[in-house]
Amino acid sequence: MGNCWGSSAANPSSSADTHLGATGTSSQSTSTMTITTTSAGSSISPISHFSASSGDEASPHGQILPHPNLRIFSFAELRAATKNFKSDTLLGEGGFGKVYKGWLDEKPSSKNGNGSVIAVKKLKSESVQGFREWQAEIDFLGRLSHPNLVKLIGYCLEETELLLVYEFMQKGSFENHLFGRGAVVQPLPWGLRLKIAVGAARGLGFLHTSEKQVIYRDFKASNILLDGFYNAKISDFGLAKMGPSESQSHVSTRIMGTQGYAAPEYIATGHLYVKSDVFGFGVVLVEMLTGLRAVDSSRPSGQENLVEWVKPYLSDRRKLKTIMDSMLQGKYPSKTVYEIAQLALNCLAPEPKSRPSMEEVVRTLEKLEAATERAADSRNRSGSRPAAHRQVQHQLPLPPPPPMQPRSPLQSRHNGISAYQHSPQLR
Ligand SMILES: Nc1ncnc2c1ncn2[C@@H]1O[C@H](COP(=O)(O)OP(=O)(O)OP(=O)(O)O)[C@@H](O)[C@H]1O
Ligand SMILES: [Mg+2]
């Protein structure tokens, strides 16, 4: 879930980051939810300002359900599903707590393409912030449905135990693939990086264009999860907020998020714009190009913050080449890569209004992806090997990984640090 950065915003009255859970006191319209625990378990009564669709069927364009459509699990069920939270079922760990792989003792359902495999996120301690994020996840993700948002299946609330149950995402997080090391994680070819960027952009675009806009607030590579075919799905809505009312440009809120991804206007003022998310998207684009983390304190002085460091390299084709991820071994279309770098620069504009909308970002990325596919097709026709991302679309095995070698000429890869290391936290 979101990493927290313990700073108060310029506007202290807006400390109502109680986007959920409490009775809504903030000036913006928020989704409000009350959770009551009864002897029979927990129940959730959502009172919401989302505009809702009535149906329950999956929609390729996404939909907002009138109520969280979630299953309530008992702690015993989830303990059994994860073999008592056994260490060999551990998938990773974030600010909220540990995430385990689990198996439900039931017949595989065709609805959830993975049968009964689940991911179980377990709150690590009793913290008010953890509880809020748990609630926010249920209220937002329990009602938002889109092919590029991870599916929340249910939750557990029993005494002090708070858990969330998700569809299992076979390929883990984009972060693991970009920065992970060792035999388990192989370098991602360019075509897959682009495919993931398109998927993640569609997910964010859906949030921003829903009738009542949702600001995600924690966009980063570790919150982009990948299914078996590298379809990207955004996870972790713990810090999400409803967008501003029509008469306002932003919402004011406590500053939370992840260092290196958070937009400058938000850090400086606590004013959160829909386009603050676009800045985070730009940071991920730069990570995808360079294979370097948004923040890495082990880099030499002046290079710790990726965006500040590489911005001057993005607008110059020749310089851009020198910061490209060496794991790609030069196997990328230079023209497309340059255009993505320009898109990233636009997303990283200091002023929110100068940034493109996520709809525009999606359109640009789709155009570039289509051009890349056309180029791959024409290469195929002329007898060369198909591009890696085409192979994945047709569900063929990935090409063998290139041998490991140092990262971009400017900076070696993140010191062999575990794939699950986290970015510096902002709370
Ligand atoms: N639904 C899922 N399916 C498979 N793996 C998952 C799933 N959810 C999370 N994970 C794994 O668990 C790791 C930790 O996820 P988590 O969201 O708790 O932390 P994070 O995103 O790394 O950090 P943060 O707390 O800042 O969000 C992820 O990197 C991913 O590898
Ligand atoms: Mg996460």
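Which elements each supply at least two residues of the shell around ligand 1? They are β5 (90-93), β7 (117-123) and α3 (174-179), where helices (H or I, at least four residues) and strands (E, at least two) are DSSP runs, numbered from the N terminus. This is a predicted model, in which local features need pLDDT of at least 70 and side-chain atom pairs count only at pLDDT 80 or more, while totals for chains, interfaces and linings use all residues. Residues are numbered from 1 along each chain as its sequence is written, and chains are lettered from A and ligands numbered from 1 in the order in which they are written.

The shell around ligand 1 holds 26 residues, of which Gly92, Gly94, Gly95, Ala119 and Met169 come nearest; a residue is near a molecule if its C-beta atom, placed from the backbone, lies within 6 Å of it. The largest share of this shell, three residues, comes from β5. Because domain 1 (16-167) and domain 2 (172-234 + 259-385) both give residues to the shell, ligand 1 lies between them; the domain bounds come from an automatic or database domain assignment.

The strands of the shell can be followed through their pairing, and two strands pair if DSSP finds at least two bridges between them.

| Strand pair | Bridges | Sense |
|---|---|---|
| β5 and β6 (residues 97-103) | three bridges | antiparallel |
| β6 and β7 | seven bridges | antiparallel |

β5 and β6 form a hairpin, with three residues between them, and glutamate 93 has lysine 98 in β6 as its bridge partner. Further along, glycine 102 stands opposite isoleucine 118, which belongs to β7.
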